[in-house]
Amino acid sequence: MITEEREEAEGWKDLKEKNKDKLPPFAIGEGEKDCNLFSGKWVWDESSRPLYEESECPYLLPQVTCQEHGRPDKDYLYWRWQPSDCLIPRFNASLMLENLRGKRMMFVGDSLNRGQFRSMDYNATIEFYWAPFLLESNADHPGKHRVPDRIVRKDSIDTHGKHWKGVDIMVFNTYIWWMSGRTFKILNGTFDDNIKDIADVPTDDAYRMGIENLLRWIKQNMDPKRNRVFFTSMSPSHAWSKEWGGDPNGNCYNETKMIEDPNYWGSDSRKSIMQIIGEEFGKSKVPITFLNITQLSMPRRDAHTSIYKERWGPLNPEEKANPSSYADCIHWCLPGLQDVWNELLFAKLFYP
């Protein structure tokens, strides 16, 4: 397999040279015409899934190793995403390495982007930068960020952005940390001010401000002739099974099958966030590749870490008596769904 990948990489060098004047940075060839990689269906595939074995991957954190933590079923490992009108290019590690030689690739965002970063499983230096809001916040510590009231400093993208300069390929995400209610706390001034000017604003307005900040930073710091920018859309959670017609008090715990309704969307808040992203990105004059993983991930209530992960602390008696009460229905098992996100990233990076 390694020899085959190297041979393909050598062939793709020639292809890239031929196309270098008409393709964006890092691209090798054009994607299939009129193909939407994000529209399709999940296909059972025992021949090619999982892409790697959990026990053989040293990069996975205990927060995502579901088999190690006792998950009894394995069906979630064998689903492959199949676009309706084309094929996803096969992920090729040698090709990735060759084209990232001497370059920097950085994932910026929250723990869901960190999961995608961990899934990018090959021997290269890939960076992850913890910034769940992208802006400066009181949850910016990489390890100690469990705060009761989340506060974001207005228009503070440069606090973190100064550390992103010089990166060749950026993969951003921000969503789940904003979803703490109908309103959100925005700080005018600095966190060092003795008297802090904090306003409660509608969550949609706060999120829009964050996206506007990001787009401003991209415009000022990323050169379309040298850099590529990706934005991963919101990762769905499955914390309320009543949303798909299940137990009114249930969640993703013990769910081993996908949601069958192809039109399932979940809560309305997800739609409003997607609308904001569409409106703001539509104004950008800098090319940004949108990785629309939301709808394809929506059926995958079966792929969350649930109770099969390392926790922050020991269980209390109430949690032990009711496992669904502490099920994590936000993060995903690896191997699993986020490997597909990286296959799509690979496709858009090299075959836009």
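Student: What makes Ser306 count as buried?

Tutor: This is a predicted model, and in it Ser306 has 5% relative accessibility. Buried means under 20%, so Ser306, at 5%, counts as buried. Ser306 lies in strand β11, residues 304-306.

Student: What is the phi of Ser306?

Tutor: Ser306 has a positive phi of about 50°, although Ser306 is not a glycine.

Student: Is Phe26 buried or exposed, and how do you know that?

Tutor: The relative accessibility of Phe26 is 8%. The cut-off for buried is under 20%, so Phe26 counts as buried. Phe26 also has a positive phi, about 75°, without being a glycine. Its place is the loop between α1 (2-19) and β1.

Student: Why is α3 called roughly perpendicular to α9?

Tutor: Helix α3 (residues 111-119) packs with helix α9 (residues 337-350) at an angle of about 75°. Angles from 65 to 115 degrees count as roughly perpendicular, so α3 is roughly perpendicular to α9. The axes of the two helices are 9 Å apart.

Student: Which residues make the contact?

Tutor: From α3 come Leu112, Gly115, Gln116 and Ser119, and from α9 come Gln338, Asp339, Trp341, Asn342 and Leu345. By class, the contact of α3 with α9 has three nonpolar, five polar and one charged residues.

Student: What makes α9 largely enclosed by the rest of the structure?

Tutor: Of the 14 residues of α9, 14 are buried, so the helix is largely enclosed by the rest of the structure. From its first C-alpha to its last, α9 reaches 21 Å, close to the 20 Å expected.

Student: Which residues have the most contacts inside the largest nonpolar core?

Tutor: They are Met105, Val108, Trp164, Phe172, Ile218, Phe231 and Leu344, in a core of 82 residues. The largest share of this core, nine residues, comes from α9. Another core, of 10 residues, lies apart from it and includes Cys66, Leu77, Ala327 and Cys333.

Student: What does Ile218 touch?

Tutor: Leaving out residues up to four places away in sequence, Ile218 touches Phe172, Val229, Val286 and Ile288.

Student: What kind of peptide bond joins Leu334 and Pro335, and what is its omega?

Tutor: The bond is cis, with omega about 0°. Pro335 lies in the loop between β12 (328-332) and α9. Arg49 and Pro50 are also joined by a cis peptide bond, with omega about -5°. Pro50 is in the loop between β1 (40-44) and β2 (79-83).

Technical notes:
Residues numbered from 1 in each chain as written. Predicted model: local features only at pLDDT ≥ 70, side-chain atom pairs only at ≥ 80, totals over all residues. Heavy atoms only, no water. Axes fitted to C-alpha atoms, helices over the stretch in contact; angles between N-to-C directions. Helix = DSSP H or I, 4+ residues; strand = E, 2+ residues; numbered from the N terminus. Parallel < 35°, antiparallel > 145°, perpendicular 65-115°, else oblique. Contact = heavy atoms within 4.5 Å. Nonpolar A, V, L, I, M, F, W, Y, C, P; charged D, E, K, R; others polar. Expected span 1.5 Å × (residues − 1). Buried < 20%, exposed > 50% of the residue type's maximum accessible area, 1.4 Å probe, protein only. Core = buried A, V, L, I, M, F, W, Y, C linked by side-chain atoms within 4.5 Å.
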